[in-house]
Amino acid sequence: MADPPTIQPFPAVDSLCEVCGYPLRGLPADGVCPECGSVVIESSPAIRTLDFTGHGLGLKTYWRTLLNFLIHPKRSFRLLAISRSSLVPEKFLFRNSFISGLLISAIVFVGTSFIIQPRFHTIPFRSAMILFLACAVGISLLTFIEMLGVTAFSRRRGWRVPLPVAQRVCCLASVGWLPGAVIAGVGIWLLQAYGVGRPWFDQLLGLVRVGWLLYGVLFVLSALWFETLVWIGVRQVKYANTWPDAASGEPSES
């Protein structure tokens, strides 16, 4: 992480209270926000020490990051430096997408091939590979669509979450796809074993087949953890401050 600039102390001209968004210009660093009463210095960008600048994404770093954002998301996003200065979060997303796709296909293939008896709806290995590729690519695409949605929503709400910041938040929140992949894998396996081909599965409920409705519910449940992490992340960065060279949300120079 680059050393904090010394030419302009905190609060800077465009500094906001990270709790309520109140402008902090002219307030002492050891004062309190007149709107919400939070300590001004707690909105300093110096608090955000979790930065990936200059670091790779080795196995140790990956697992530490995964566990931090999965178990302690609020604290982790509160410490997240929002300047986009490396591609590590994107690599984190692609790795999570790969593992999630692998989890779904493995659970479905093993479940339908070796566990459920009788084997009415066994998933062949080729189909499992297609499922893996579809899920891995689909998860990445859905995450990028979420970035655009977060940016548009934040703009309407008056939050300070431009696309680079939304991109970092969503990439790190992609850890939520891992438990979602387990839910999806188990759900598809059970539907394949006990639903597909049964009369009730193809029954129409209005204009929607029961099977389609079940798969839709399964998708919502699978995406719920990811969406929750995105919401937690956005709430923690919506008024986040940066050092003067990154105040616009553009990549800062290290």
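Here is a short briefing on some charged contacts, the cysteines and a surface patch.

This is a predicted model, so please read each value below as computed from that prediction. Three charged residues, E18, R48 and R78, are joined in a network of salt bridges. Elsewhere, a group of nonpolar residues forms a patch on the surface, and a search for disulfides across the whole structure comes back with 0.

**The salt-bridge network**

- The count of salt bridges is 2.
- One of them pairs the side chains of E18 and R48, with N and O 2.8 Å apart. This pair connects distant parts of the chain: E18 and R48 are 30 residues apart, and each sits in the segment before helix 1.
- R78 also bonds to E18 in a salt bridge, and here the closest N and O atoms are 3.2 Å apart. Again distant parts of the chain are linked, with R78 in helix 2 (residues 73-78) and E18 in the segment before helix 1, 60 residues apart.
- How accessible are the partners? E18 is buried because its relative accessible area is 9%, under the 20% cut-off.
- R78 has 22% relative accessibility, so R78 counts as partly exposed.

**A closer look at R48**

- R48 belongs to the segment before helix 1 (59-71).
- With a relative accessible area of 1%, R48 is buried.
- Beyond its salt bridge with E18, the side chain of R48 reaches two backbone oxygens: that of R78 at 3.1 Å and that of Q236 at 2.5 Å.

**The cysteines**

- C171 is buried, with a relative accessible area of 0%.
- C135 counts as buried too, at 16% relative accessibility.

**The nonpolar surface patch**

- The patch is made up of I183, L205, L207, V208, W212, L213, V217, L221 and L224, and together they have about 910 Å² of accessible area.
- Which element gives the largest share of the nonpolar patch? Helix 7 (residues 210-237) does, with 5 residues.
- L224 lies in helix 7, and its relative accessibility of 48% makes it partly exposed.

Methods. Residues numbered from 1 in each chain as written. Predicted model: local features only at pLDDT ≥ 70, side-chain atom pairs only at ≥ 80, totals over all residues. Heavy atoms only, no water. Patch = residues over 30% accessible without salt bridge, like charges linked within 9 Å, V, L, I, M, F, W, Y side chains within 5 Å. Areas by Shrake-Rupley, 256 points an atom, 1.4 Å probe, with all protein chains shown as cover. Salt bridge = Lys/Arg side-chain N within 4 Å of Asp/Glu carboxyl O. Helix = DSSP H or I, 4+ residues; strand = E, 2+ residues; numbered from the N terminus. Buried < 20%, exposed > 50% of the residue type's maximum accessible area, 1.4 Å probe, protein only. Disulfide = S-S within 2.5 Å. Polar contact = N/O pair within 3.5 Å; in protein donor to acceptor, adjacent residues only side chain to side chain.
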